[in-house]
Amino acid sequence: MKTSECDIVIVGVGGQGVILISDVIGRAAVKSGKPVRGAETHGMAQRGGSVINHTRIGCRFSPMVAVGRADVLLALEPAEALRFAHFLSPEGVALVNTTPVLPVTVTTGKARYPAMEEILAPLRNICKAVVPMDATAIAKQAGTVQAMNVVMLGALSGHIPLSEDILLAALAEVVPPRYLEANQKAFALGKAEVE
Amino acid sequence: MREYLLGNVAIAKGFMEAGIGLAAGYPGTPSSEIIETLADLRGDLPLHVEWSVNEKVALEVAAGASWTDVRAAATMKHVGLNVAADPFMTLAYLGIGAGLVVVCADDPFCHSSQNEQDSRRYSEFASVPCLDPADPKEAKDMAVYGFELSEKFNIPVMLRPTTRVSHARADVEPGVARPCGGRRQFTKSPGQRVALPVHARPLHTELTKKRSAIEEELQSAPWNRLELKGESGIIAAGISGLYAEEAIQDLDLEDMSLLRIGTYPVPSRMISQLLEHVSRVMVVEELEPVVEEQVERLARKVNPAVEILGKDGSIPREGELDFLTVRNAVARLLGRSEKPALRVAAAEKILPPRPPALCPGCSHRATYYAMRKAFGKKAVYPSDIGCYTMAVGMGTVDTCLCMGSGITLASGIRFGGETEGICCSLGDSTFLHGGMTGLLNAAYNKARITVTILDNSTTAMTGHQPHPGTGVTATGESTVQVSLEALAKALGAGLVKTVDPYDLDKAIEGFQKAKEFPGLSVVIARQPCVIKARRSGAGRKSFAVGEDCAGCRVCVDFGCPAIEFEGEKARINALCTGCGVCAKICPSAVIQEVRK
């Protein structure tokens, strides 16, 4: 029997705003009267390292999504999409920002950053759909590159059982008022990108 | 109205509902947000919130408040309880005034820790009851109940969330904050407050009696839940209860008996009832077989024939559990098929590692560069616990044991006969937490070592908490700003040099002087944490690599994430904070400041 209505894994690099997205989703779920669980990465793992965040809508169990069970993988960075691809369900969808953040192992020439197709091809093999998008460029269009995470949230909005109105209401709670307009625009552009 | 609360925030809200009068803690992942939240929530309530100098101090401060008849809590991570173990063990004898809750946040899998010790062992060791929440809601409810239990039995109570509770979020219904009550007066009672042998002996006898009474009380605690069904059963503790319930639903096991446990001492009657009912049982708990040992003890009495699985190989004793691990263990028990943990071959083959690293422009990198320039490759570099431990690749982190151990290990390495240079390092907060006694000891026993205090004027690793060197308290009030220089001198250092790590040549010179000093020397490398500097809006310069870059890679090997190597030349990317250290180490002097 299914143990969660919708399991989301959000990944990226420390500082990209992974926690903000899951906070918006969690708040929106609460507003919708659904039980919700989440698990975050704090501490050591945040210093430029890989970050993974689990969010489970309509779930009363543990806060972590099981390997092979994520309905959506939301990746704010392409290499991180592949790093956490094992969480995806065969029926799942991967939404991937295609702008890389080079790890220090690459900038110092110790490792190579793979070509985009090397990342996307294996992803396509393990889930139902892969949606690549340059969320970083779209965020610039919206007025601030910082809103890249909210572009991805907009893209995610059609894939989760929460209404757009409630998501936007939750967004307004967590974004400082002076950045709200740019973030609402980022959300709309992200949503339009995948429609 | 329900809120989406972080476990640690839920605990803080629970404390507010319980009418707490004092909270003291030392930062440590995954416990830090409890004190931070209380500092935010206190408003005009008569609540003292402090970052203490270390966990031992925090627990003693909390005990003092409890003895003054206000509800008090101390918060720490699991290894912090080692530091606080001395008061913890004896407080169980002496008892409390108003309720006293010790939050000890465990970190199975060492997400952000040097070990994954199981604090439930401490509860058993000290005869202190322990509450083991499965999720943020339970954590909040237990935070309230902890005070009631503590007061009913005159004993401190341990609340033990794990990373997946403290840093989990869930929809939780918060209650109403209550102002702290209590007489706020210390009552003299030497028999309960002075641990002389003549008092301790009868108190130990009393503690043993309390243990049985507490066990009886917890038999019916709401976090211990028994569902008797078929002949196979699961006993699951803390968050493992949720993994077990999810496994039962996932496998559609309508016939599985389940006992969920959330307290220690464990509910022996429920365990016995289950053992009498089933023919085999699997004990699911993270880390140590704390519950399993009790199950085995009880099975000898009530059903010696029952088959007990757990740390026999069914459930790992190391790391954290998750749904899939538990699901597969249950499936094996029933002869059902396991779900293999999916692996993506490409990910393992082509992905560059992304380990956590020192930030772009972090002054620790410059300090270590200068240190190594002066002390050389052969010197020994004991280090400590903090962001700077991540500099292990720079060759200046040879040890990391526990808070403050850099200095004492360095002393021991010297007295053990090492003749090379010895330069240890530790952060400002770590020095104040556990380094001062080691420095005093090094001075007293004449250790010829150099101690480097990496002073970024904050507790960076755990989220930038203030400490006595910052001049600010947990609640943002200004206070005395303790001078590290004066402290180091007072503790007996023969030479104390303060350097700015961004001023690289002078920093190297400072380390050189310390190296040559025939005694105990201290180098204080002072530069604010780059993250804090950025948040406070400090203006920074911009740097760029010129056309004539020889591609020597000296700056690249420095390891700053702001420097990339592209097409045989170095390049400075947008992460640059403008510290300018790379410009100083470039042999061809082609990295230069540019106008923004």
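## Basis of the model

The structure is predicted: local features need pLDDT of at least 70, side-chain atom pairs count only at pLDDT 80 or more, and totals for chains, interfaces and linings use all residues. Residues are numbered from 1 along each chain as its sequence is written, while chains are lettered from A and ligands numbered from 1 in the order in which they are written.

## The contact between chains A and B

Chain B contributes 51 residues to the contact and chain A contributes 48 residues; two residues are in contact if their C-beta atoms, placed from the backbone, lie within 7 Å. On the side of chain B that touches chain A, the elements giving two or more residues include β1 (3-6), β8 (168-172), α11 (240-250) and α14 (323-333) of chain B. Of the elements on this side, α11(B) gives the most, with six residues. Helices (H or I, at least four residues) and strands (E, at least two) are DSSP runs, numbered from the N terminus.

## Strand pairing across the chains

Strand β2 (residues 36-39) of chain A pairs with β8(B) in the antiparallel sense over three bridges; strands pair if DSSP finds at least two bridges between them. Within β8(B), B:A168 stands opposite A:A39.

## The setting of B:G519

B:G519 lies in the loop between α20 (504-516) and β18 (521-526) of chain B. Leaving aside neighbours within four places in sequence, B:G519 is in contact with B:R448 and B:G494. The C-alpha atoms of B:G519 and B:A447 are separated by 6.8 Å, although these residues are 72 residues apart along the chain.
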